[in-house]
Amino acid sequence: MTDTRATSAAPGAQPGARGWLSRTLQKLTADDQTVDARELQSDVVNSGCAPVSACRKGEVVTVTGRLKSVVYTPRETVPTLEAELFDGSGSVTLVWLGRRRIPGIEPGRRLTARGRFAAFEGRQVIYNPWYELSAG
């Protein structure tokens, strides 16, 4: 009897070789933002932090990612420093009340923040988070 089933890999190819090639081609053809988002999501998983997309209002969460923007907002009552943290799955705004500047909090910097996840004016926020700056 003759076996007529098709094989998915070339004869002599190692298992997983096609997967590696496919992933490599995806990396080469993907835009920089997609590659950066995947890398950040990998960092979230490796650090044991929660992805921003999975965080829910009222929870105390630990998130990690890269700061996309940092803005000082003078207000009539209390000045605020706001930083948008992106982790590849979504963004959360970190808000420090009563601060004009914090050394090391600048766009492009990686950090880990912990605090109570909230929503304000349609944005996801963490007020006065504990934070730790990462190297690189």
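Two strands pair if DSSP finds at least two bridges between them. Strands here are DSSP runs of E, at least two residues long, numbered from the N terminus. What you see is a predicted model, so to speak of local features we need pLDDT of at least 70, and side-chain atom pairs count only at pLDDT 80 or more, while totals for chains, interfaces and linings use all residues. Residues are numbered from 1 along each chain as its sequence is written, and side-chain values use heavy atoms, with hydrogens and water left out.

Start with strand β5, residues 123-127. It runs parallel to β3, residues 91-97, and three bridges join the two. Thr93 stands opposite Val125 in β5. Strand β5 also pairs with β4, residues 110-120, this time antiparallel, through four bridges. There, Phe120 faces Arg123 as its opposite residue in β5. The hairpin of β4 and β5 has two residues between the strands, and Glu121 in that hairpin takes a positive phi near 55°.

Now the rings. Rings of Phe, Tyr and Trp (its six-membered ring) pair if their centres lie within 6.5 Å; planes under 30 degrees apart count as stacked, over 60 as edge-to-face and the rest as tilted. How many aromatic pairs does the structure hold? One. The ring centres of Trp96 and Tyr131 are 5.5 Å apart and the planes stand at 80°, so this pair is edge-to-face. Trp96 lies in β3 and Tyr131 in β6, residues 130-133, so the pair ties together parts 35 residues apart in sequence.
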